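Work through the exercises below with the sequence and the model side by side. Try each task before reading its solution.

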Amino acid sequence: MTVDPGVKKRILFVDDDPAILNALKNLMRKDRDRWDILLADSGEQALIEIRTQHVDVVVSDMRMPYMDGAALLNQIKHESPTTARIMLSGSADPDAIARALPALHQLLAKPCDRAKLRTSIERSLEATSGTWPTIGNLDRLPSPAATIAALGRVLDAPTGTLVDAIAIIRTDPGLAAKVLQLACSEFFASTGPDLSIENAVTTLGLERLRELRATASIFELIGSEAAAPWLAGLQRRSVLGAKLAYTMFPSDPVVADQVYTAALLRNVGRMVLAMDDAEYRDDIQSDPTDVELLELERKRFEGVTHAELGAWLLGLWGLPPAITDLVRFHHRPELAPPELRALASAIHRCSL
C-alpha cells in the first residue's frame with residue numbers, strides 16, 4: 001500500500017456531549033492543515049461517517065446512550081479494521097471497558113491534554129497508514145499453548161502469586177505485549193515511561209488479570225498457532241536474546257529491565273508476518289540466522305522488516321516510545337535516538 005503524503009488524514013471524534021466535541025475540535029485546531037477533523041454525536045452517526053468515507057483514527061467516548069463506545073469500536077473493527085481505535089474514558093464501568101478491550105488500541109483518560117492526544121493519534125497513523133495497515137485488526141498475538149496453560153494454572157490457583165505470573169509472562173512476547181498495552185493505559189493506572197514487565201504485571205495485579213481473562217478473553221489460544229513449531233522457536237529465540245541483553249547492564253536495574261523488555265518484543269513483527277504467510281512460517285522453522293531472515297523479509301515484503309512492523313504495532317498499542325524505538329532500530333542501532341543507541345546496540349548483538 002502506497003500512502004499519498006498529500007492526502008489529509010481523517011480523525012473522527014465521537015461524544016454525545018456537543019460541548020466536549022467542540023472542545024476537542026478546538027484542541028486540534030493547530031492540526032487542521034494536516035488532518036480533517038470529523039465530529040459525531042452518537043455511535044450511530046459515527047458509523048455513518050465510517051461507511052461514507054475512510055476514517056484513519058476514531059477517538060470515542062465510552063459512556064454514550066443507545067450505542068456505547070465498546071459497541072461502537074467493536075463494530076468499527078468489524079467494518080473498518082484498518083481504522084485505529086482510541087477510547088477516552090473517565091469513570092467507565094470496568095465491565096464496559098472489558099467489552100471494549102478486543103477492539104481498542106489505546107485507552108486514554110478523560111479529559112486528555114492536547115499533547116497526549118496528539119501523540120496517540122500520530123503513533124496510530126504511523127502504524128495504520130503505512131505498508132502494513134492490517135495490523136489494525138490485531139487485538140493480541142499468539143502464545144504457545146503450554147505458556148497459556150501455565151498462566152491459567154497460576155490465575156486459577158488460590159495460592160497463585162504475582163511472582164509466578166511475572167515469571168511466565170517474562171518468557172512470552174505475546175503475553176508481555178498485551179500486559180504492557182494494558183498497563184500503559186491511564187484507566188489501569190499507567191506506570192510511566194520506565195515500564196517493565198514486572199511492574200506492568202504488578203500494576204494490574206492478579207485479581208484484575210483474572211477478571212480480564214474471564215471477561216475480555218485476552219489470554220486465550222489463537223487458532224492452530226498455539227501449537228506451531230515456528231511460534232515456540234520464536235519464543236525461545238526472543239527469551240535467549242532478552243536474557244543476554246539483560247546481563248549487559250548489571251549496574252542499572254531500570255535500564256536492564258527496559259532492555260530485557262525490548263529484546264523480548266523485538267520479534268513481534270515476525271509473529272505478525274508468520275500469522276499471515278505460510279511460506280514465511282516455513283522459513284522460520286528452517287532455523288535461519290537472524291541476518292538471513294532479515295534479508296528474506298526485505299526481499300519478500302517490499303523492504304518492510306519485522307523491526308519496523310513490530311514498532312508500528314507496539315506504537316499503535318501505546319507502549320512507551322523508548323521500547324518501540326528499541327524494537328524499530330535493534331538491527332540498525334546507529335539510527336536510534338542518541339540516548340538509546342547503547343541499548344539498541346546491546347539488543348542487536350544479542351540478535352545475531
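**Exercise 1: Around serine 124**

Once its neighbours within four places in sequence are left aside, serine 124 is in contact (heavy atoms within 4.5 Å) with Val57, Ala84, Ile86, Gln106 and Leu316. The model is predicted, so local features need pLDDT of at least 70 and side-chain atom pairs count only at pLDDT 80 or more, while totals for chains, interfaces and linings use all residues. Residues are numbered from 1 along each chain as its sequence is written, and side-chain values use heavy atoms, with hydrogens and water left out.

Task: Find out in which helix serine 124 is found, and decide whether serine 124 is buried or exposed.

Solution: Start with the element: serine 124 is found in helix α5, residues 114–128, where helices (H or I, at least four residues) and strands (E, at least two) are DSSP runs numbered from the N terminus. Next take the accessibility: with a relative accessible area of 0%, serine 124 is buried, given that buried means under 20% relative accessible area, exposed over 50%, and partly exposed in between, with a 1.4 Å probe and protein chains only. Then turn to one of its contacts, isoleucine 86, which lies in strand β4 (residues 84–89) and, at 0% relative accessibility, also counts as buried. Not counting residues up to four places away in sequence, isoleucine 86 touches several residues, including Val57, Val58, Leu108, Ser120 and Ile121.

**Exercise 2: The sheet**

Task: Work out in what order the strands of the open sheet stand, and which strands stand at its edges.

Solution: Begin with the order, which is β2-β1-β3-β4-β5 for the 5 strands, with parallel pairing; two strands pair if DSSP finds at least two bridges between them. At the edges stand β2 (35–40) and β5 (106–109), each with a single partner strand, so one side of each is left without a neighbour in the sheet. From one strand to the next, the twist averages 20 degrees.

Now follow the pairings one by one. Strand β1 (residues 9–14) is joined to β2 by 6 bridges, and isoleucine 11 stands opposite isoleucine 37 in β2. Between β1 and β3 there are 4 bridges, with phenylalanine 13 opposite valine 59 in β3. Between β3 and β4 there are 5 bridges, and valine 57 has alanine 84 in β4 as its bridge partner.

Finally, look at how strand β3 (residues 57–61) is covered: 5 of its 5 residues are buried, with Val57, Val59 and Asp61 on one side and Val58 and Ser60 on the other. Helix α2 (residues 43–52) lies across β1 and β2 and runs at about 165 degrees to β1, where axes are lines fitted to C-alpha atoms, for helices over the stretch in contact, and angles run from 0 to 180 degrees between N-to-C directions.

**Exercise 3: Charged pairs**

Task: Determine how many salt bridges the structure holds, and which parts the pair of aspartate 36 and lysine 8 ties together.

Solution: The count is 22 salt bridges, a salt bridge being a side-chain nitrogen of Lys or Arg within 4 Å of a carboxyl oxygen of Asp or Glu. In one of them, aspartate 36 pairs with lysine 8, and the closest N and O atoms are 3.4 Å apart. Aspartate 36 lies in strand β2 and lysine 8 in the segment before β1, so the pair ties together parts that are 28 residues apart in sequence. Aspartate 36 is partly exposed at 31% relative accessibility, and lysine 8 is partly exposed with a relative accessible area of 32%.

Solution: Salt bridges that share partners join Arg237, Arg270, Asp287, Asp290 and Glu297 into one network.
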